[in-house]
Amino acid sequence: MLSRKTSPRRSQEWLTLNRAIHALKKDAGLDEEIYRGLLHAVLRKDSLKAASEEEMRAVLARLKMTTPKRKPIIRSVKGYVRKIHAIWGDLARRGVIRAPFHKRGSALVVFVRSMTGVDSPEWLTAYQANKVIEALKAMQARTTNNTDMDKDRERDH
């Protein structure tokens with residue numbers, strides 16, 4: 001029979017807390033060094049393995065204090081608003097929109113406001129949304145054309 005080290009049997013509560021801690025760690029974007037520092041500050045231990053459920057609750061509470069809350073994603077029922085967000089996302093992936101990921105929504109609001117005077121894409125009329133969509137499509141076309149021209153230049157040289 002193989003002899004292997006077995007960890008003590010963990011309760012379901014302990015496992016749930018462990019999963020929640022690691023999920024929050026990921027959401028907060030903590031690297032291993034900062035995470036271990038947080039554990040040491042709260043538990044005076046470098047690992048959760050020896051932590052009790054009460055200690056894990058304390059770690060979870062500390063992580064919740066330091067992790068920013070995510071806003072729920074609300075999909076619009078208006079097709080043209082979804083189209084605006086889709087094109088905006090494509091432009092961001094191409095690098096045309098240089099706003100950080102968490103600020104892309106506010107950059108879109110500024111863009112929409114500058115074009116239409118309306119403070120949110122959700123409040124646009126179909127006519128106003130069409131203006132925004134056409135401007136975004138023109139930006140897409142310029143980036144596509146620039147990419148094609150860059151490829152042609154590379155091929156020629």
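The buried residues of helix α2 are covered by elements that include α1 (12-28) and α3 (53-66). The model is predicted.

**Helix α2**

- Helix α2 spans residues 32-43, a run of 12 residues.
- From first C-alpha to last, α2 reaches 16 Å, which is close to the 16 Å expected at 1.5 Å a residue.
- Tyr35, Leu38, Leu39 and Leu43 are buried in α2. These residues cover an arc of only 100° around the axis, which places them on the same side of α2.
- Arg44 follows α2 and has a positive phi, near 65°.

**Aromatic pair**

- One aromatic pair is found in a search of the whole structure. The partners are Trp88 and Phe111, whose ring centres lie 5.5 Å apart.
- With 40° between the planes, the pair of Trp88 and Phe111 is tilted; an angle over 60 degrees would have counted as edge-to-face, and one under 30 degrees as stacked.
- Trp88 belongs to helix α4 (residues 79-94) and Phe111 to helix α5 (residues 104-116), so the pair ties together parts that are 23 residues apart in sequence.
- Both Trp88 and Phe111 are buried.

**Charges over rings**

- Arg10 has its charged end over the ring of Trp14, at 4.1 Å from the ring centre.
- Tyr35, one of the buried residues of α2, has Lys25 over its face, 4.3 Å from the ring centre.

Terms used
Residues numbered from 1 in each chain as written. Predicted model: local features only at pLDDT ≥ 70, side-chain atom pairs only at ≥ 80, totals over all residues. Heavy atoms only, no water. Phe/Tyr/Trp six-rings, centres within 6.5 Å; stacked < 30°, edge-to-face > 60°. Helix = DSSP H or I, 4+ residues; strand = E, 2+ residues; numbered from the N terminus. Buried < 20%, exposed > 50% of the residue type's maximum accessible area, 1.4 Å probe, protein only. Lys NZ or Arg CZ within 6 Å of the ring centre and 35° of its normal. Expected span 1.5 Å × (residues − 1). Arc of directions from axis to C-beta. Contact = heavy atoms within 4.5 Å.
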